[in-house]
Amino acid sequence: MKPIPYGRQNITEEDIKAVVETLKSDFLTQGPKIAEFENAFASYVGSNYAVAVANGTAALHLCTLALGVSAGDKVITTPITFAASANCVRYCDGEVVFADIDSETYLIDLNRVRQILREDTERKIKGIIPVDFAGRPVDMEVCRNLADEFGIWIIEDACHAPGGFLRNSQGKKVVCGNGIYSDLAIFSFHPVKHIAAGEGGMITTNNKKLYDKLILLRTHGITKSPDLLHENHGGWYYEMQELGFNYRLTDFQAALGTSQLKRADEGLIRRRQIAARYFSAFKNVPFIRRQSGVVEGHAYHLYIIEVDNRKELYEHLKQKGIFAQVHYIPLHMMPYYRGLGWKKGDLPSAERYYDVCLSLPMYPTLSDKEQDYVIDTILKFQ
Ligand SMILES: Cc1ncc(COP(=O)(O)O)c(C=O)c1O
């Protein structure tokens, strides 16, 4: 059997055709395929606006810039996420406040968040970046209530959860990134994610003011829009009105993204089938202490199991050609964040989770036969 990674992209002939057609067109960098991708993505998640950018990290950075994070501001996020969820605060000289996770869901513990906000008597905390980690949606309704109570903004990091959803207190489906509760939401199109564009990212929002700002910041803070110009010297004229970046996505990446998006629902169905098969295979296995399980609305970017002897199982699988992964090493334990004062022992639930977690192969083209081999190899361990 060929090596089995924990995640991988699925590129079809249709995807290749879409990219080649764009390469033959007049546009390589930002052209008509960007708006097409943005419109298709906004309608997929149900937001009013979408802004395509170079990658998920750029998306996060533009969000913290647009929200005006600056020195002295504090922003809460989870330690169990990819570095970019926290780093975007540092890019703007803000301070990261890690809140511990809920050991059941692996998501940021909103009770802990409430406590942190209550203790912030100086009101330095300006926002929160909840992460729909592994594809499991954070309860954004509860998060919004907290945000409103304490006057802070929300950037939902939904990189793991395109197509994921939660039911709110009225039983209404709230799709990740639809902007009903969050101010901004971001996605990544890195190859291990649901939608692959090589690199790529998207910001979704229902806030027109923030949308306009993001559009400006994506291209150096430069505008040619006649109604926004302070002066106008002629057809060539443009103005740099803010300090922005080149965070544009290329047209051929957008074409790939749009083509991939057409199969997003199909991929999600398959991911949920794979999750259900893992769940039933492991539910009565004593050495598997906990697993992602079957959760309505979960987008299953990752399927996680908890085992005491994780390192041995990881090595055992590797020897058999199965490349499981660990998501994530808690961010507060990284040398960079330790250098800012964080230390081991600060976030016990995240640290305990890190000691035992393992992400199993999870991607739509994983066949039943391959998954059975993964399950079998795990069951034969010990
Ligand atoms: C939760 C999370 N946030 C942000 C990012 C950053 O996305 P990108 O790799 O596209 O910059 C990633 C992806 O790796 C991620 O998993």
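**Helix pair**

I found that α1 and α8 are roughly antiparallel to each other, because an angle over 145 degrees counts as such. Their axes come within 8 Å and cross at roughly 155°; axes are lines fitted to C-alpha atoms over the stretch in contact, with angles from 0 to 180 degrees between N-to-C directions. Helix α1 spans residues 13-23 and helix α8 residues 251-261, helices being DSSP runs (H or I, at least four residues) numbered from the N terminus.

This is a predicted model: local features need pLDDT of at least 70 and side-chain atom pairs 80 or more, while totals for chains, interfaces and linings use all residues. Residues are numbered from 1 along each chain as its sequence is written, and side-chain values use heavy atoms, without hydrogens and water.

I listed the contacts (heavy atoms within 4.5 Å). E14, D15, A18, V19, T22 and L23 in α1 meet D251, F252, A255, L256, S259 and Q260 in α8.

**Q253**

I looked up Q253, which is in helix α8. Q253 counts as buried at 16% relative accessibility, buried meaning under 20% relative accessible area with a 1.4 Å probe, protein chains only. Beyond its neighbours within four places in sequence, Q253 is in contact with A197 and E199.

**T258**

I then turned to T258, also in helix α8. Is T258 buried or exposed? T258 counts as buried, at 9% relative accessibility. Leaving aside neighbours within four places in sequence, T258 touches K33, E36 and F37.

Terms used. Helices (H or I, at least four residues) and strands (E, at least two) are DSSP runs, numbered from the N terminus. Angles under 35 degrees count as roughly parallel, over 145 as roughly antiparallel, 65 to 115 as roughly perpendicular and the rest as oblique. Buried means under 20% relative accessible area, exposed over 50%, partly exposed in between (1.4 Å probe, protein chains only).
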